[in-house]
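Biologist: Please walk me through this one. Keep it plain, I'm new to this.

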Amino acid sequence: RVLALDASLAADAGFSLDMTPGVVARALTHVDNAYWIPHVRAVGYACKTNKQSNTAFRGFGGPQGVVVMEDALDRIARHLGRDANEIRALNFYAEGRDETPYGQMVDENHLARCWAEVKKGGEYERRRAEIDAFNKASPILKRGLGLFPLKFGISFNMPHMNQAGALVHVYTDGSIRLNHGGTEMGQGLFVKVAQVVAEVFSVDIDRIRPSATSTAEVPNTSPTAASTGSDLNGWAAYEAANTIKQRMIAFAAEHFAASGNDIEFADGNVRIAKPGSNQVVSFGELAKLCWLGRVSLSATGFYKTPKIHWDGAAMRGRPFFYFSFGAAMAEVAIDTLTGESRVLRADLVQDCGDSLNPAIDRGQIEGAFVQGQGWLTCEELWWDKQGRLRTAGPSTYKIPGSRDVPPVFNVTMLANAPSREATIFRSKAVGEPPLLLATAVWTALKDAIAAAGDGRTAVRLDAPATPERVLAAIATLKA
């Protein structure tokens, strides 16, 4: 068991703070990752350097935080001659018993489930034996297998940012206009929020017309960040749509001499199922009747995340509404003469709660993993001695391409795991957590490098693990 952690995290802030305080705070709240450690001291530093200031990227400090414990556990295992993955599982947070270093209870804990499913689906035992046999017979090429469990907190670290607004209009032809504070940047947010509104009115999503985000319509919007886009804006849109729906129900009950309980929205229609009668009108027909009856068909909605609180000075509280869990297994191959590496296979299990849209979420998981793979393997920033950034374009700054995607890429969303917290339709965030699953690639690279040595010496591998750094790690190991 790991009894204590003493960690220092130093962030290159550049010449001004910019987003560094928030990044460091999230990194500090993720150094524990999936593991309960009774005694923790973690200190974060924002370091002023003669470079440009730095903003945040997907994960916002979380990826930098989790690698602390992952590297520590690999070193502990090498020192003891133990399997690092056994030590990982031994130190998992227990359900409803263990608190994080900042005082939040880890509830609704799916760590063990995700871990078991990724090991089973990825055939861990068979492949571990197969890779060990390959490495014994291959002096030049080495393969490695890495496992990674994930606990990721969902919410902004600053409580006041966990709020959202929405505006919904219903027109007399049954069409619905939707505006909310979330920014669509290709992640499918507009589709998800439109689905929420369609579900409220029980109409087809084709009726919903999302409009471009504008503070002229929804003021004081929070950033579309921290994986909260669907959580916040979905609830705000729900509240707005439900306000209109309740007005329509009240009007229909009066107009058709029925009770509110007799009014049912289903399949684009509204059924008035009062005793002795079963009248049906279309959603558009009822909307027009409401307009003729001078009923407002426009409403705003507002949502603020409950339960969260945070003391930034003491670094204590409940900064996250809930945790997202996951697990990943990655297999890599390295060339010990050139340092080149390839990801051969990835198996991922991600906790999405009761997914709002499995197709969108699958795309988010796949894209986030490859993006994280790039961050850990090839996306290197390099400055010359005059402080000029030389990796300034696609010819020198290498993002992963289509050929870097693992040839075998298995993605599973954890089944039968609706959120216990009152998230929108019991879904969970999916924007940032899957990027951290790529940590399994880094772990696998260290495993492959270790195979080039005696198998007992701890491997230091800086990220991104470029061919130069892989070669340096091998040289250090052999020395």
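Biologist: Which strands does α7 lie across?
Modeller: Helix α7 lies across β4, β5 and β10. It runs at about 140 degrees to β10. Helices (H or I, at least four residues) and strands (E, at least two) are DSSP runs, numbered from the N terminus. Axes are lines fitted to C-alpha atoms, for helices over the stretch in contact, and angles run from 0 to 180 degrees between N-to-C directions. Contact means heavy atoms within 4.5 Å.

Biologist: Where does the model come from, and how is it numbered?
Modeller: It is a predicted model: local features need pLDDT of at least 70, side-chain atom pairs count only at pLDDT 80 or more, and totals for chains, interfaces and linings use all residues. Residues are numbered from 1 along each chain as its sequence is written, and side-chain values use heavy atoms, with hydrogens and water left out.

Biologist: Back to those strands. In what order do the four strands of that open sheet come?
Modeller: The order is β6-β5-β4-β10, with mixed pairing. Two strands pair if DSSP finds at least two bridges between them. β6 (208–210) and β10 (298–304) are the edge strands, each with a single partner, so one side of each has no neighbour in the sheet. Ignoring direction, neighbouring strands here are turned by 20 degrees against each other on average.

Biologist: How many bridges join β4 and β5?
Modeller: Five, and the two strands run antiparallel. β4 is residues 163–170 and β5 is residues 176–180. Across that pair, Leu167 stands opposite Asn179 in β5.

Biologist: Pick a residue in α7. Is Ala236 buried or exposed?
Modeller: Ala236 sits in α7. It is buried, with a relative accessible area of 0%. Buried means under 20% relative accessible area, exposed over 50%, partly exposed in between (1.4 Å probe, protein chains only).

Biologist: What is Ala236 in contact with, leaving aside its neighbours within four places in sequence?
Modeller: Ala164, Gly165, Ala166, Gly301, Phe302 and Tyr303. As for Phe251, it is 15 residues from Ala236 in sequence and 23 Å away in space, C-alpha to C-alpha.

Biologist: New topic. How many residues has the largest nonpolar core?
Modeller: It has 94 residues, and Phe201 and Met248 have the most contacts inside it. Helix α7 (residues 229–255) gives the most to this core, with twelve residues. A nonpolar core is a set of buried Ala, Val, Leu, Ile, Met, Phe, Trp, Tyr and Cys residues joined through side-chain atoms within 4.5 Å. In soluble globular proteins, nonpolar side chains tend to be buried together.

Biologist: What does Met248 touch, beyond its neighbours within four places in sequence?
Modeller: Its contacts include Phe201, Phe265, Phe283 and Leu286. A second, separate core has 38 residues, among them Ile37, Ala77, Val118 and Tyr124.

Biologist: Now the other open sheet. What is the order of its four strands?
Modeller: β3-β13-β14-β15, and the pairing is mixed. β3 (141–154) and β15 (408–413) are at the edges with a single partner strand each, so one side of each is left without a neighbour in the sheet. The twist averages 15 degrees from one strand to the next.

Biologist: How many bridges do β3 and β13 share?
Modeller: They pair antiparallel over 14 bridges, and β13 is residues 322–335. Pro149 stands opposite Ala327 in β13. Phe152 has Ser324 in β13 as its bridge partner.

Biologist: Which helices pack on that sheet?
Modeller: Helix α4 (residues 111–121) packs on it, touching β3, β13, β14 (341–350) and β15. Helix α9 (residues 358–377) packs there too, touching β14 and β15.

Biologist: Why is β3 called largely enclosed?
Modeller: Because 13 of its 14 residues are buried, β3 is largely enclosed by the rest of the structure.

Biologist: What about β8? Which residues are on its covered face?
Modeller: Val270 and Ile272, while Asn269 and Arg271 make up the uncovered one. In a regular strand the side chains alternate between the two faces of the sheet. β7 and β8 form a hairpin with two residues between them.

Biologist: Last one. How many helices and strands has the protein chain?
Modeller: Twelve helices and 15 strands. Of the chain's 479 residues, 52% count as buried. The C-alpha trace spans about 85 × 50 × 45 Å along its principal axes.
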